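The structure is shown below.

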Amino acid sequence: MIQKDMIPVHVAVIMDGNGRWAKDRGLPRVAGHNSGMKAMKQIVKRASELGIGFLTVYAFSTENWKRSEDEIDGIFKLLTSYVAVELRELDRNNVKVGVIGDISPIPERARESIEKAVRTTAENDGLRFNVALNYGGRDEICRALREISATGIEPERIDEELISRHLYTGKAGVPDPELLIRTSGEKRLSNFLLWQLAYTEMVFSPVLWPDFTPEEFDRCIEEYQSRDRRFGGRK
């Protein structure tokens, strides 16, 4: 059973397995992404119910541009549709939408949709739902270092706190995650929040993302809560 006094403030999720879910059913990959969007809706709702402060999902990486044009087009159309259908409910539930990553290259309609979601929910103070779009951890660190270098600061004054402040998360006031969940049984970071995950607990679920339910989300949190972190790196 989930212990309410041990709810992680920030949960990050690598939503993996959409393609395999579709392949197993003889469906196009975009069908997996469509079902994955439905799963995401349920997890956002559950995270809000549990009182989680921040939920960050890996929606589209800098490496995902290597996928087929049809799949990329399908992903961004689904994103646009998701915002159109769910924005009112997100706003009504006091969810604040944020974005990490460089969204300037993504298709115009998808970019306008996500920007609208950010504007509409800007004053909400419930769950902070962060969507990582055109995001890569190494790219984020490189951008931060370039920004710092451009200020002319002496190298010896560069420390971890300064770098953290120049990351997408730092600029948005998003703390490092206490828990990372990756679905589909894969056990790698895939260039996601590399700096921020330095001391994060990780739970790997065998469930493909479209089949990932609020009950499985709860199980992952229960596993996190069951661990003895007295001797870990976090304070």
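The sections below describe a predicted model, starting with the sheet.

## Sheet

Six strands, in the order E3-E4-E2-E1-E5-E6, make up an open sheet with parallel pairing. Strand E3 (96-100) and E6 form its edges, each pairing on one side only. From one strand to the next, the twist averages 20 degrees.

Within E6, Phe 204 is the bridge partner of Arg 182.

## Nonpolar cores

The largest nonpolar core has 45 residues, and those touching the most other members are Met 40, Ile 52, Leu 55, Phe 129, Leu 133 and Phe 217. Elements that each supply at least two of its residues include strand E1 (10-14), helix H2 (29-50), strand E2 (54-61) and strand E4 (128-135). H3 gives the most, with nine residues. A second, separate core has eleven residues, among them Ala 12, Ile 100, Leu 180 and Phe 192.

Ile 52 is in contact with Ile 7, Pro 8, Val 9, Val 11, Ala 47, Leu 127, Phe 217 and Ile 221, leaving aside neighbours within four places in sequence.

## Ser 205

Ser 205 is in the loop that lies between strand E6 (201-204) and helix H8 (214-226). Because its relative accessibility is 0%, Ser 205 counts as buried, the cut-off being under 20%.

Not counting residues up to four places away in sequence, Ser 205 touches Arg 182, Thr 183, Ser 184, Gly 185, Phe 212, Glu 216, Arg 219 and Cys 220. One of these, Arg 182, is also the bridge partner of Phe 204.

Conventions:
Residues are numbered from 1 along each chain as its sequence is written. This is a predicted model: local features need pLDDT of at least 70, side-chain atom pairs count only at pLDDT 80 or more; totals for chains, interfaces and linings use all residues. Side-chain values use heavy atoms; hydrogens and water are left out. Helices (H or I, at least four residues) and strands (E, at least two) are DSSP runs, numbered from the N terminus. Buried means under 20% relative accessible area, exposed over 50%, partly exposed in between (1.4 Å probe, protein chains only). Contact means heavy atoms within 4.5 Å. Two strands pair if DSSP finds at least two bridges between them. Axes are lines fitted to C-alpha atoms, for helices over the stretch in contact, and angles run from 0 to 180 degrees between N-to-C directions. A nonpolar core is a set of buried Ala, Val, Leu, Ile, Met, Phe, Trp, Tyr and Cys residues joined through side-chain atoms within 4.5 Å.
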